Amino acid sequence: MSAPVLDKTPDPARLGPRDVLNLGAHGMRTRPMRAVLSALGIGIGIAAMVAVLAIPASGAKALQDQLSALGTNLLTAGPGKTMFGGDATLPDSAVPMAKRIAPVTAASATGGTGASVRRTDKIDKDETSGLSVFAATPELLDVIGGSVRDGRFLRDATRDYPVVVLGSVAAARLGIDHIDQAAPPKVFIDGKWFTVGGILGPTPLAPEIERSALVGWDAAVRLLGFKGHPTTVYVRAKDSQVENVRSVLAHTMNPEAPNEVEVRRPSEALEAQKLTENTYSALFLGLGGVALLVGGVGVANTMVISVLERRREIGLRRALGATKRQVRGQFLAESVLLSGLGGIAGVLVGVLVTSGYALSQGWPAVLPVGALLGGVGVSALVGAVAGAYPAMRAARLPPTQALA
């Protein structure tokens with residue numbers, strides 16, 4: 001009895017995902033330096049994009065924590081312009097009148113004295129170092145949410161004495177970094193020596209305080225010729241009533257000329273600053289995209305060269321029965337692996353850069369999961385697009401031409 005005759009050729013063996021990945025990794029293993037250099041462009045682009053997304057997120061979280069600690073319920077009021085264009089003044093009763101508003105929980109003020117502060121009397125009086133001297137009351141520190149870094153703040157017991165408290169920037173510019181209680185430093189203000197009683201920490205909601213020297217209200221009147229008019233009034237209100245207080249504050253403080261009072265909310269300035277930083281972040285994100293595009297072109301170039309160099313390998317595989325689909329899958333897998341590894345390295349670098357920068361700024365490191373996963377996904381997509389043409393070119397090579 002004769003053997004049955006086969007009426008068709010057997011189907012080619014199917015390659016599983018693991019086999020495709022092994023074939024794709026073969027080219028990378030045989031040319032490791034080329035693979036590293038090709039993936040470098042992808043890694044740089046992904047690292048830039050991850051850092052640009054994660055650093056602003058860390059800054060926003062730090063700002064949110066800062067505003068939560070300091071409160072967004074602080075309002076400041078200062079003199080504006082008169083109807084004739086001159087400088088207006090706030091009435092002496094501005095602070096007591098502000099306290100009469102029901103939702104207001106606390107209020108205080110500073111008053112400009114026009115005096116200058118110097119480290120010694122040997123320095124020219126015109127050398128102000130950009131510092132101002134303000135009269136202040138003991139309640140000011142609690143209202144602005146400040147803290148004392150060293151020493152003590154103004155007190156009722158010293159309000160009439162030549163004692164000064166320096167803001168953080170003022171202390172640095174005057175060269176005073178600590179207070180020795182046995183022999184406290186002195187500064188020269190308007191021809192008189194004042195003892196430094198305290199140094200403040202940063203005051204983000206009142207940056208003008210950082211660059212100032214604060215003396216007691218009564219001492220400023222008696223020793224510095226201060227007229228007693230407040231120049232900035234700080235008001236704390238209930239969180240739910242801030243805008244309502246803002247709308248009536250000018251009319252309450254100066255009923256005769258409310259248009260001469262400027263009311264501001266300092267937290268809005270911090271948020272506007274963060275918005276400006278986000279604008280620059282969008283620019284850097286675009287630059288990261290350009291780097292990623294350049295990296296994709298580099299991968300495509302590498303794959304085209306790889307196809308040309310491996311023509312005999314392609315021809316041999318085709319002659320042994322490999323289909324066009326299998327050859328195409330091999331080179332496409334190599335391209336995706338190359339870009340994907342570059343993307344993973346870029347994500348790791350981006351995480352390290354973000355963590356290091358956040359640590360240097362004292363921010364919490366925020367790493368958006370979407371940015372991390374998206375970085376790897378985008379790099380793989382770039383690899384697939386970059387490897388599509390070389391893979392199709394390899395699949396179209398006839399075995400006889402490839403082996404010639």
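1. How to read the model. This is a predicted model, in which local features need pLDDT of at least 70 and side-chain atom pairs count only at pLDDT 80 or more, while totals for chains, interfaces and linings use all residues. Residues are numbered from 1 along each chain as its sequence is written, and side-chain values use heavy atoms, with hydrogens and water left out.

2. Confidence. The pLDDT, which is the predictor's confidence in each residue on a scale from 0 to 100, averages 82 over the protein chain, and 85% of the residues score at least 70. Helices (H or I, at least four residues) and strands (E, at least two) are DSSP runs, numbered from the N terminus.

3. Salt bridges around R159. A salt bridge here is a side-chain nitrogen of Lys or Arg within 4 Å of a carboxyl oxygen of Asp or Glu, and the count by this rule is 6. One of them joins R159 to D156, with the closest N and O atoms 3.1 Å apart. R159 also forms a salt bridge with D218, at 3.4 Å from N to O. R159 sits in the loop between β5 and β6 and D218 in helix α7 (residues 217-224), so this pair ties together parts that are 59 residues apart in sequence. Together, D156, R159 and D218 are linked in a network of salt bridges.

4. How open is that network? Residues are called buried under 20% relative accessible area, exposed over 50%, and partly exposed in between (1.4 Å probe, protein chains only). D156 is exposed because its relative accessible area is 53%. R159 is partly exposed at 26%, and D218 is also partly exposed, at 34%.

5. D160 and R222 meet through their side chains in a salt bridge of 3.3 Å, N to O. This pair too links distant parts of the chain, with D160 in the loop between β5 and β6 and R222 in helix α7, 62 residues apart. D160 is partly exposed, with 33% relative accessible area.

6. The positive patch. K324, R325, R328, R393 and R396 gather in a patch of positive charge on the surface. Patches are built from residues with over 30% relative accessible area and no salt bridge, joining like charges within 9 Å and nonpolar side chains (Val, Leu, Ile, Met, Phe, Trp, Tyr) within 5 Å. Lys and Arg count as positive and Asp and Glu as negative, while His and the chain ends are not counted; a charge is placed at NZ of Lys, CZ of Arg, CG of Asp or CD of Glu. Helices α11 (324-361) and α12 (369-396) each supply at least two residues, and α11 gives the most, with 3. R328, in helix α11, is partly exposed at 34%.

7. The nonpolar patch. M33, V36, L37, L40 and I44 form a nonpolar surface patch with about 520 Å² of accessible area together, computed by the Shrake-Rupley method with a 1.4 Å probe, where for residues only the protein chains shown count as cover. I44 belongs to helix α2 (residues 32-70).

8. One backbone angle to look at. Most residues other than glycine have a negative phi. D190, in the loop between β7 (186-189) and β8 (192-200), has a positive phi near 50°.
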